[in-house]
Amino acid sequence: MGETSLRKRGEDEKSIQSNEPKTTNLQKEVGLVSGICIIVGTIIGSGIFISPKSVLSNTETVGPCLIIWAACGILATLGALCFAELGTMITKSGGEYPYLMEAFGPIPAYLFSWTSLMVMKPSSFAIICLSFSEYVCAPFYSGCKPPETVVKCLAAAAIMLITTVNALSVRLGSYVQNFFTAAKLVIVAIIIISGLVLLAQGNTKNFENSFEGTKLSVGTVSLAFYNGLWAYDGWNQLNYITEELKDPFRNLPRAIVIGIPLVTVCYILMNVAYFAVMTPTELLQSQAVAVTFGDRVLYPASWVVPLFVAFSTIGAANGTCFTAGRLIYVAGREGHMLKVLSYISVRRLTPAPAIIFYGIIATIYIIPGDINSLVNYFSFAAWMFYGLTILGLIVMRFTKKDLERPIKVPIFIPILVTLISVFLVLAPIISRPAWEYLYCVLFILSGLIFYFLFVYYKFGWAQKISKPVTIYLQMLMEVVPPEKETE
């Protein structure tokens with residue numbers, strides 16, 4: 001009864017506000033430009049500004065370093081093209097989740113949602129906000145490290161603000177993403193143009209004999225790739241909001257083909273600009289490479305670098321929240337999470353419960369002292385799921401031949417990406433074995449306990465606990481299930 005009255009009230013309000021009929025579902029409000037901004041804005045965070053030395057530390061020389069950055073961009077593009085086929089074949093939001101569900105069934109899909117929602121996504125969101133907080137606090141604590149409490153409180157406030165924005169309006173979240181993406185591209189352009197000017201003035205010493213003294217091994221190359229690909233993480237973000245894309249059959253592949261090569265070119269040219277100013281040794285010793293670059297090249301206007309890096313990090317955090325909330329929403333809709341997490345605000349037409357839940361988990365991750373190591377150990381799991389998803393694309397070429405494929409990539413591309421994914425999963429474990437990798441695998445598999453208890457068998461006592469919670473939240477937040485489920 002309450003659900004029906006809420007839905008009717010929402011429909012009445014919409015009829016007053018607009019002549020266009022709107023159902024109680026997520027609306028298609030993300031166009032091509034916003035799609036490109038989500039890809040670019042989520043990939044370019046703080047890493048390329050603060051620590052591009054992670055690749056250089058493994059290659060040791062300039063030439064191989066630039067090649068690795070280019071190769072990582074090509075690999076990210078190939079992976080995204082595979083996801084473009086998946087996204088236009090299975091037009092559901094949630095990234096890897098619906099593809100794993102279609103290819104391999106509910107258990108792999110559930111384990112992906114379990115790992116992503118409990119660790120990978122919220123901890124990454126928390127780290128981005130902590131990085132933003134440190135950059136904002138630094139000018140107020142010149143010459144010393146900002147107090148940890150201040151940094152964490154500001155990071156929590158950033159999470160709260162971003163969560164609120166995305167829970168209020170899809171369009172508002174999209175506008176915020178567009179603004180911060182434009183801001184980060186401004187500082188990227190400033191760094192690139194400054195570097196090209198310096199090269200034109202003859203600052204090419206660091207590029208002479210750029211391969212001299214190179215000592216590469218399988219281990220160092222794999223670690224360099226691993227660090228480079230971490231900077232490209234986010235290439236699949238648009239697949240998390242497929243249901244909200246205008247004309248996804250055209251805009252999804254177009255955004256991928258424009259966005260990821262754009263990021264690749266920016267990354268390569270920014271590294272070239274850095275090497276025009278700093279030697280490899282100086283770059284490795286720098287705590288924040290872009291800040292060092294700004295102090296040497298842009299003084300007295302060097303303050304613009306930390307300002308725009310803060311813009312960049314908050315933009316990446318917004319993009320992460322915008323897309324990850326949809327994974328929780330889809331998992332809830334499929335019955336793999338609390339049903340209320342699939343509900344939609346009747347006033348705002350956003351997956352508000354899912355976004356708020358995501359923000360709460362991310363805030364919890366701010367409390368511990370150091371969560372970077374947690375993300376490092378779980379990052380191999382990300383490539384495990386990437387590889388499994390793209391393997392699913394190959395499997396569905398034979399098991400789901402009847403599905404319409406507006407885009408069909410050559411079969412060698414998913415095979416190549418799958419093999420590279422296997423290499424990236426095994427490389428860090430072989431080169432630097434640690435018990436933590438075993439703990440990560442055990443955590444992933446522990447999701448099976450919750451799957452069989454709450455999803456497969458659906459014990460009565462679990463239903464009795466969750467039902468009053470669902471009803472209370474439904475009335476409190478004025479949310480209802482997606483309209484498809486109530487027809």
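In this predicted model, F450 counts as partly exposed, at 35% relative accessibility. Its ring partner is W114, and the two ring centres lie 4.9 Å apart. The planes meet at 25°, so the pair is stacked; the cut-off for stacking is under 30 degrees. W114 has a relative accessible area of 9% and is buried.

Across the whole structure, the search returns 20 aromatic pairs. One of them is formed by F83 and Y99, with ring centres 6.0 Å apart. Their planes stand at 80°, so this pair is edge-to-face; that class requires an angle over 60 degrees. F83 is buried, with a relative accessible area of 0%. Y99 is buried as well, at 1%.

F83 and Y99 belong to one aromatic cluster. W235, W383 and Y386 are also part of that cluster.

A charged side chain is found over an aromatic ring at F322. R326 lies over the face of this ring, at 4.6 Å from the ring centre.

Technical notes. Residues numbered from 1 in each chain as written. Predicted model: local features only at pLDDT ≥ 70, side-chain atom pairs only at ≥ 80, totals over all residues. Heavy atoms only, no water. Phe/Tyr/Trp six-rings, centres within 6.5 Å; stacked < 30°, edge-to-face > 60°. Buried < 20%, exposed > 50% of the residue type's maximum accessible area, 1.4 Å probe, protein only. Lys NZ or Arg CZ within 6 Å of the ring centre and 35° of its normal.
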